[in-house]
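Keep the 3D view open as you read.

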Amino acid sequence: MSESEVVLVETRGRVALVTMNRPEKRNALDGQMRCAFLGVMDSLNRDAGVRAIVITGAGDKAFIAGADISEFEGRGPVQQYRAMKMPTVFNALERSPKPVIAAINGYCLGGGMELALACDIRLASSSARFGQPEVNLGIIPGGGGTQRLPRIIGQGAALRLILTGELIDASEALRLRLVEEVHAPEALLERALALGETIASKSPVAVSAAKEATRAALNLALDDGLKLETALFQLCFASQDKVEGVRAFLEKRPANFPGL
Ligand code: COA
């Protein structure tokens, strides 16, 4: 498959739908797919017409079943070190100025779970299964799972998943606040795209600033986080979006944000 085939991109209005497309391998993340995904994120980040991104997996079985395990065989520490020094799909998601919604439509394991953890909002199908099964392979999560999972669901719940490698279903994922919503499989994508469109209708300047400030909350001390919030709030005051948003409110009409 060519790179453009392993990661498919469609635009639905102002929302880009990105589909990880190796269903016969349960959309396992191999080097080609990582590279293609990074290229896709780079071009979506630069495209002012794209205001929200939805990520899902091809087929009805998996979102992403983890790193491609076949690539681990025969790989030594130096090769793995070099591979992990490359830009990562996880950081690309977290650092994207666009809001990213994971539409988790099946197995969401290992690196797939870590990719979902790096998204801004997680929606799941009722048939989704989640886990960090790396301990079964004699390794640990290496795509940020040991750091992002406890920040999202708390340390005890994260350790239960990471130390046992056990899978949980969508209702347990919802209970743990690992996902924000659970939908019937046939309704998931429509809901994710609608949520993307709701966000896309807001000010892109404000959405990016809000993502940056809110995400920083888990990494910064309160004083530093509040300073960042103030700086980004002031940035909004320099935007045409703020002029339009305030004027539209006062004129009692919907805002049409230029994204500038
Ligand atoms: N890496 C490489 N190949 C994978 C894969 C992965 N993470 N997950 C699935 N595949 C491949 C299988 O090897 C199989 O390939 P084959 O048809 O050439 O034999 C194909 O995808 C289908 O997998 P299969 O196990 O037959 O499907 P299933 O629906 O019965 O089970 C899973 C799905 C996801 C439960 C199972 O494939 C699995 O446990 N995968 C590994 C998950 C994992 O440990 N991820 C963490 C990696 S760090």
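**A tour of the predicted model**

Start with the open sheet: 6 strands make it up, in the order E1-E2-E3-E5-E7-E10, and the pairing is mixed. At its edges sit strand E1 (7-12) and strand E10 (181-183), each of which pairs on one side only. Ignoring direction, neighbouring strands of this sheet are turned by 20° against each other on average. Bear in mind as you look around that this is a predicted model.

E1 pairs with strand E2 (residues 15-20) in the antiparallel sense, over 6 bridges.

H9 covers residues 185-200, and its end C-alpha atoms are 24 Å apart.

Leu188, Ala192, Leu193, Leu195, Gly196, Ile199 and Ala200 are its buried residues. These residues cover an arc of only 155° around the axis, which means that they lie on the same side of H9. Turn to the other side and you'll find Glu186 and Glu190, both exposed.

What about the cysteines? The disulfide count comes to 0. Take Cys108: the nearest cysteine sulfur is that of Cys119, 8.9 Å away, and Cys108 is in no disulfide. Cys108 is buried, with a relative accessible area of 0%. Cys119 is in no disulfide either, and it is buried too, at a relative accessible area of 2%.

Finally, step back to the whole chain. It holds 12 helices and 10 strands. How does its radius of gyration sit against the globule rule? The value is 19 Å, close to the 18 Å that the rule gives for 260 residues, so the chain is as compact as a globular protein of that length. Along its principal axes, the C-alpha trace spans about 60 × 40 × 35 Å. Of the 260 residues, 42% count as buried.

How values were computed:
Residues are numbered from 1 along each chain as its sequence is written. This is a predicted model: local features need pLDDT of at least 70, side-chain atom pairs count only at pLDDT 80 or more; totals for chains, interfaces and linings use all residues. Side-chain values use heavy atoms; hydrogens and water are left out. Helices (H or I, at least four residues) and strands (E, at least two) are DSSP runs, numbered from the N terminus. The expected span of a helix is 1.5 Å times one less than its number of residues. Buried means under 20% relative accessible area, exposed over 50%, partly exposed in between (1.4 Å probe, protein chains only). The arc is that of the directions from the helix axis to the C-beta atoms. Two strands pair if DSSP finds at least two bridges between them. Axes are lines fitted to C-alpha atoms, for helices over the stretch in contact, and angles run from 0 to 180 degrees between N-to-C directions. A disulfide is a pair of cysteine sulfur atoms within 2.5 Å. The radius of gyration is taken over C-alpha atoms; the globule rule is 2.2 Å times the number of residues to the power 0.38.
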